[in-house]
Amino acid sequence: MYHRFSDSGISGQEFGWQLDQISQCHTVITLSDCLRQFHAQGAWPKNVVVLTIDDGYLDFYEVAFPELRKRGLPATFFVTVNFIDQKIWLWPDRLRYSIENTKKKTLEINLFDKKTSIPIGGLENNLAAWHILGEHCLVLPDNEKWSFISSVESDLEVNLPRVPPHEFAACAWDNLKEMMEFGIEIGSHTLDHPILSHVPSDRLDDEIVLSKHTIEHRLNMTVQTFCYPNGRPEDINDTIVQVVKDAGYLGAPLGSDLNSWDPFHIPRMGVSRDRTDFLSKLKGLEFLKSRLRKITQ
């Protein structure tokens with residue numbers, strides 16, 4: 001599971017190294033190929049790796065895609081439709097932009113009805129502030145989350161550009177069309193990237209079904225896979241899963257719940273530039289640890 005690519009995170013060179021480690025011993029396939037084999041055989045294919053990238057950021061096209069194309073390897077890219085359409089920012093980026101562009105040194109704000117003072121300024125303070133505000137957003141109903149983010153921007157006296165600058169930019173539809181020609185599968189990551197369990201039920205069709213139809217119309221293809229935003233088990237429920245099934249998706253991944261193997265609760269492992277951590281996950285140690293935890297609970 002990947003999200004962003006940059007020199008300070010997973011660079012093109014580092015991603016290329018990871019791809020070389022994967023392809024030495026495993027076959028790389030798209031998520032839809034993996035799911036088709038599962039549905040046909042009643043079991044997951046062996047010795048395969050599925051690369052999934054969430055959100056739709058431009059840095060996937062600029063940094064990671066050239067490494068995949070160079071090696072002829074596929075991946076599944078989950079895009080947030082209104083982000084690709086430049087109608088929205090992804091909400092964590094709005095918080096980060098505000099924190100990094102304010103002239104204020106502290107943010108005075110209510111968190112759970114308690115007045116809180118958060119230091120602003122410098123890499124460490126800014127990262128800590130972003131995490132505090134982001135964690136608060138994760139527990140709010142969707143409409144309250146957006147109101148909270150707007151209040152942060154107002155308190156920090158930051159004017160948000162209408163379109164995200166390059167650091168936070170999305171791919172364009174033409175980028176997606178180009179990547180599809182070289183084996184990149186495009187899946188849906190909703191219209192607006194909400195935590196689906198936090199939105200009213202009457203919005204689920206838009207986020208899950210309309211997002212699928214919009215991508216299919218814009219790219220002239222069939223969308224077969226869906227990805228739940230945020231991806232914790234508590235971020236979905238039976239109603240949400242049923243809407244995903246009824247929309248015609250073959251399956252959908254979560255975040256990193258390695259104890260679930262249902263095609264609509266597919267587990268994933270996030271990776272970083274830590275090579276020891278990457279290799280341990282590639283060789284199955286993370287899975288073994290999860291099984292041991294389950295046995296000892």
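## A tour of charges and rings

Start with Glu-157. Its relative accessibility is 62%, so Glu-157 counts as exposed (over 50%; buried is under 20%, partly exposed in between; 1.4 Å probe, protein chains only). The model is predicted: local features need pLDDT of at least 70, side-chain atom pairs count only at 80 or more, and totals for chains, interfaces and linings use all residues. Residues are numbered from 1 along each chain as its sequence is written, and side-chain values use heavy atoms, leaving out hydrogens and water.

**Stop 1: from Glu-157 to Lys-104**

The side chains of Glu-157 and Lys-104 meet in a salt bridge, 3.9 Å from N to O (a side-chain nitrogen of Lys or Arg within 4 Å of a carboxyl oxygen of Asp or Glu). This pair links distant parts of the chain, 53 residues apart. Glu-157 sits in the loop between α7 and α8, Lys-104 in the loop between α5 and β5 (106-111). Elements are DSSP runs, numbered from the N terminus: helices are H or I with at least four residues, strands E with at least two. Lys-104 has a relative accessible area of 33%, so Lys-104 is partly exposed.

**Stop 2: Glu-167 and Arg-96**

Stay with the α7-α8 loop and select Glu-167. Which residue is its salt-bridge partner? Arg-96, with the closest N and O atoms 2.5 Å apart. Again the pair links distant parts of the chain, here 71 residues apart. Glu-167 belongs to the loop between α7 (142-155) and α8 (173-180), while Arg-96 is in helix α5 (residues 91-101).

**Stop 3: along helix α11**

Now show Asp-277 and Lys-281. Both lie in α11, four residues apart, about one turn of the helix. Lys-281 is buried because its relative accessible area is 15%. Asp-277, at 25%, counts as partly exposed. Next, select Asp-20, Glu-67, Lys-70 and Arg-71: salt bridges that share partners join these four residues into one network. Color every salt bridge in the structure and there are 20.

**Stop 4: charges over rings**

Display the rings of Phe-182 and Trp-17. Arg-69 lies over the face of Phe-182, at 3.8 Å from the ring centre (a charge sits over a ring if NZ of Lys or CZ of Arg is within 6 Å of the ring centre and within 35 degrees of the ring normal). What lies over the face of Trp-17? Arg-275, at 4.1 Å from the ring centre.

**Stop 5: ring against ring**

Select Phe, Tyr and Trp. Their rings (for Trp, the six-membered one) pair if the centres lie within 6.5 Å; planes under 30 degrees apart are stacked, over 60 edge-to-face, the rest tilted. By this rule there are 14 aromatic pairs. One of them is Trp-89 with Tyr-97, an edge-to-face pair: the centres are 5.3 Å apart, with 70° between the planes. Trp-89 counts as buried, because its relative accessibility is 4%. Tyr-97, at 16%, counts as buried too.

**Last stop: an aromatic cluster**

Finish with five rings. Tyr-2, Phe-5, Phe-15, Phe-60 and Phe-77 form one aromatic cluster.
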